[in-house]
Amino acid sequence: MPSGGNPSPARRDARRNRERLLECARRAFADQGAEAALDGIARDADLVVGTLYRHFPTRLDLLCAVLEPKLRHVIDEVEAALGLEDPWEAFRGLLEVLCAAQAGDRAFGDFLARRFPGDDRTETVHHEICALAQRVLERAQAAGVVRPDVTGADLFLLLWASSRVAETTRHAAPSMWRRHVYLTLDGFRASNRLNLTDPAWDTDQLNRALAEPVKQAHR
């Protein structure tokens, strides 16, 4: 073993390769989404795809490693929004944090808009974000500032729509998603509301819709 606790050259190379893979994957996933080609990521890192699989045996392993720091940061920001004194500002802050995080980052939008059944890492984060969002929503509804018929599923539908707006306009008008979110926020207000003719989704319906892109990708 090398003296002084210094890692061996092989370990230094492995660590350097992992960092290069993560850097290239971060760019590729942000630009192309969660289905970015893994061989392209390895090529951009000047490595063979076998090296990528030695560090990250599955696509989901690589995706989780890329997104984990951002997910923790977003959860911290959502918790900060929950701590705001004004329930409406907390609700607005929640949606802005989530929509801003996925603007310009297609992989983050893909992660929010999907479920990965059977993977404890992703399920834990999804449950944590959903639980925080539900607390913000219920507090705003209890204060009478958000209409009582809004559900957590409605918030995720806004995330889907905002993600598509951000993706379509990111070159011509990269902040257009914010205008769309603000217009939608006014629709969530409790005052002067229209009656909703279609029922809200329940949790099972939402989860089936979130899992559908994963099923399609594996067909």
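1. Helices α4 and α5 pack with their axes 8 Å apart, at an angle of about 165°. Axes here are lines fitted to C-alpha atoms, for helices over the stretch in contact, and angles run from 0 to 180 degrees between N-to-C directions. Helices and strands are DSSP runs numbered from the N terminus (H or I, at least four residues, for helices; E, at least two, for strands). The pair α4 and α5 is therefore roughly antiparallel; angles under 35 degrees count as roughly parallel, over 145 as roughly antiparallel, 65 to 115 as roughly perpendicular and the rest as oblique.

2. Please read all of this as a predicted model, in which local features need pLDDT of at least 70 and side-chain atom pairs count only at pLDDT 80 or more, while totals for chains, interfaces and linings use all residues. Residues are numbered from 1 along each chain as its sequence is written, and side-chain values use heavy atoms, with hydrogens and water left out.

3. Which residues bring α4 and α5 together? From α4 come Lys70, Val74, Glu77, Val78 and Ala81, and they meet Ala90, Gly93, Leu94, Val97, Leu98 and Ala101 of α5; contact means heavy atoms within 4.5 Å. By class, this contact has 8 nonpolar, 1 polar and 2 charged residues. Ala, Val, Leu, Ile, Met, Phe, Trp, Tyr, Cys and Pro count as nonpolar, Asp, Glu, Lys and Arg as charged, and the others, Gly among them, as polar.

4. Helix α5 (residues 87-102) also packs on α8 (residues 152-169), at an angle of about 40° and with the axes 10 Å apart. The two are therefore oblique to each other. On the α5 side the contact uses Phe91, Leu94, Leu95, Leu98, Cys99 and Gln102, and on the α8 side Leu155, Leu158, Leu159, Ser162 and Ser163. That makes 8 nonpolar, 3 polar and no charged residues.

5. Glutamate 96 deserves a look while you are in α5. With a relative accessible area of 14%, Glutamate 96 is buried; buried means under 20% relative accessible area, exposed over 50%, partly exposed in between (1.4 Å probe, protein chains only). Leaving out residues up to four places away in sequence, Glutamate 96 touches Trp177, Arg178 and Tyr182. Valine 181 is 85 residues from Glutamate 96 in sequence, yet their C-alpha atoms are 7.7 Å apart.

6. On α7 (residues 120-142), the geometry checks out: its 23 residues should span 33 Å at 1.5 Å a residue, and its end C-alpha atoms are 32 Å apart, which agrees. The expected span is 1.5 Å times one less than the number of residues. Buried residues of α7 include Val125, Ile129, Leu132 and Val136. The buried residues of α7 pack against α4 (59-82), α5, α6 (106-112) and α8. Just after α7, glycine 144 has a positive phi of about 80°.

7. Aspartate 46 has a positive phi of about 60° although it is not a glycine. Most residues other than glycine have a negative phi. Aspartate 46 sits in the loop between α2 (38-44) and α3 (49-55), and is exposed, with a relative accessible area of 65%.

8. Finally, the whole chain: the protein chain has 10 helices and 0 strands. Of its 219 residues, 40% are buried. Among contacts with a separation of 6 or more, 70% join residues 24 or more positions apart.
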